[in-house]
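Have the model open while you go through the points.

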Amino acid sequence: MATYLTYSQVGLKEDVSDIISNISPTDTPFLSTIGKESVHNTLFQWQEDSLASAAENAKVEGADAVDETLTPTVMRGNYTQIQSHTIKISATNDAVDAYGRAKETAYQMSKKAAEFKRDIEFNLVASRTNIDNHASAGTSSAARITANIHGYDSNGNNAANYLINAAVRTDVGTSSSAAALSEAKILDAGSTLYTTGGSASILMIKPTDSTVIAGFTRSAVGGGNARQEHFTNGGKTLVNVVDVYISPYGEQKVVMNRHLLTSTALLYDPSNWKIMELRPMTRELLAKTGDADKHMLITEYGLKHTNYKASALLRYIS
């Protein structure tokens with residue numbers, strides 16, 4: 001008699017895991033470090049000021065007071081940007097049983113919420129291709145755009161109006177020939193930032209530059225290799241990472257950002273950057289037009305750099 005195999009059997013139960021695997025990254029390193037403020041207009045503005053350069057100041061005895069030229073503050077500004085995600089789920093979809101989630105609407109909304117936050121991070125630190133990096137008031141047919149860390153503000157395109165001023169940009173290579181990030185260039189950026197009065201607590205880099213910075217530990221110390229080996233309970237661990245970089249210009253936490261424009265690195269103090277919220281992220285149930293529910297996540301926000309010389313941007317990194 002032939003053996004009856006499962007290949008011929010009818011009615012076998014499915015074996016589907018109740019766990020849905022999703023390893024897509026959701027971290028938002030820049031957004032997570034900066035604060036928030038509320039605004040009440042699509043164009044939000046703030047003022048920036050600075051002291052005159054230090055100079056010799058000696059007067060003769062009995063000298064008359066001399067009128068001095070006073071400088072006004074500088075008005076800065078940026079626009080808010082609208083961002084949204086929408087899902088439309090049939091009533092049947094929420095009624096049937098599915099593996100890995102109780103309700104399809106809840107599952108899809110949780111995915112969109114994670115994507116939503118990640119999109120904000122991308123808009124703030126990446127180089128956007130479909131829209132400009134610079135501030136734009138928008139029109140009835142073109143979206144309003146908030147300038148990101150690479151763009152210029154609502155006052156127009158010139159060196160003084162970039163959210164990170166030209167005075168605190170350090171070129172690692174050139175626009176036509178990028179170069180590898182080096183410790184010397186990080187020190188140059190730190191020196192420039194210190195001279196202008198800024199102070200950075202974070203060095204934000206693309207992931208591959210983390211290995212470059214880790215390589216700083218391999219400089220010769222007493223003719224040997226500076227990498228550290230840790231011995232614990234008979235085991236051995238080779239450490240090849242730099243979490244904190246300390247230089248004459250301060251101490252910075254080294255943070256990787258997978259969304260950062262790959263040709264740049266950023267030295268910054270989070271207190272100098274703010275997300276300006278005109279409308280915080282809200283979930284709205286849209287009008288029902290049939291046998292489905294339509295939900296929208298929406299927010300309106302902009303980016304503020306309190307002083308354009310408070311952060312240093314390293315550019316043209318290979």
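1. Start with the six-stranded sheet: it is open, its order is 5-14-11-6-10-9, and its pairing is mixed. At the edges sit strand 5 (169-171) and strand 9 (244-247), each pairing on one side only. From one strand to the next the twist averages 20°.

2. Before going further, the ground rules. This is a predicted model, with local features needing pLDDT of at least 70 and side-chain atom pairs counted only at pLDDT 80 or more, while totals for chains, interfaces and linings use all residues. Residues are numbered from 1 along each chain as its sequence is written, and side-chain values use heavy atoms, with hydrogens and water left out. As for terms, helices (H or I, at least four residues) and strands (E, at least two) are DSSP runs numbered from the N terminus, and two strands pair if DSSP finds at least two bridges between them.

3. Strand 5 runs parallel to strand 14 (residues 312-315), and three bridges join them. Thr 170 is the residue opposite Leu 314 in strand 14.

4. Helix 5 (residues 207-214) lies across strand 6 (202-205) and strand 10 (250-256), at about 125° to strand 6. Angles run from 0 to 180 degrees between N-to-C directions, with axes fitted to C-alpha atoms, for helices over the stretch in contact; contact means heavy atoms within 4.5 Å.

5. There is also an open sheet of four strands, order 1-12-13-4, with mixed pairing. Strand 1 (35-38) and strand 4 (81-90) are its edges, each pairing on one side only. Neighbouring strands here are turned by 30° against each other on average, direction ignored.

6. Finally, strand 4 pairs with strand 13 (residues 292-305) in the antiparallel sense over 10 bridges, and Gln 81 stands opposite Tyr 301. Helix 3 (residues 104-125) packs on this sheet, touching strand 4, strand 12 (273-285) and strand 13, and its direction makes about 160° with that of strand 4.
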